[in-house]
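Please work through each task before reading its solution.

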Amino acid sequence: MKLFGAALLSVWALTAQADPVDDLLETLGSDALIDVLREEFLDYGHTVGEAMLPDAGGAAGAIF
């Protein structure tokens, strides 16, 4: 029973800490940052594919 209580307390403590982290990520604009990083990496991947892979990566290059 003590083990169950300790596990329950741990889960409660983790959920209590999630709110400040979510607030921080929202304030920093992490969603917008991730969108920009995704576009930059996709563009970079295409550039590398064109420079280093025959036929610009073929069908794999067309996926993204």
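**Exercise 1.** Locate D22 in the predicted model and classify its accessibility.

*Solution.* Step one: D22 belongs to helix α1. Step two: its relative accessibility is 46%. Step three: partly exposed covers the range between under 20% (buried) and over 50% (exposed), so D22 counts as partly exposed.

**Exercise 2.** Identify the patch of negative charge on the surface and state which element gives the most residues to the negative patch.

*Solution.* Step one: the patch of negative charge gathers D19, D22, D23, E26, D31 and D35 on the surface. Step two: two or more of its residues come from each of α1 (2–28) and α2 (30–52). Step three: with 4 residues, α1 gives the most to this negative patch.

**Exercise 3.** Find the salt bridge in the whole structure and describe the exposure of E39.

*Solution.* Step two: a salt bridge joins the side chains of R38 and E39, at 3.1 Å from N to O. Step three: the cut-off is 4 Å, and the pair of E39 and R38 is listed at 3.1 Å. Step four: E39 has a relative accessible area of 48% and is therefore partly exposed.

**Exercise 4.** Which residues form the nonpolar patch on the surface, and is L25 buried or partly exposed?

*Solution.* Step one: the nonpolar patch consists of V21, L24, L25 and L28. Step two: together these residues have about 380 Å² of accessible area. Step three: L25 is placed in helix α1. Step four: because its relative accessibility is 38%, L25 counts as partly exposed.

Definitions and conventions:
Residues are numbered from 1 along each chain as its sequence is written. This is a predicted model: local features need pLDDT of at least 70, side-chain atom pairs count only at pLDDT 80 or more; totals for chains, interfaces and linings use all residues. Side-chain values use heavy atoms; hydrogens and water are left out. Patches are made of residues with over 30% relative accessible area and no salt bridge: like charges are joined within 9 Å, nonpolar side chains (Val, Leu, Ile, Met, Phe, Trp, Tyr) within 5 Å. Accessible areas come from the Shrake-Rupley method with a 1.4 Å probe; for residues, only the protein chains shown count as cover. Lys and Arg count as positive and Asp and Glu as negative; His and the chain ends are not counted. The place of a charge is taken as NZ of Lys, CZ of Arg, CG of Asp or CD of Glu. Buried means under 20% relative accessible area, exposed over 50%, partly exposed in between (1.4 Å probe, protein chains only).
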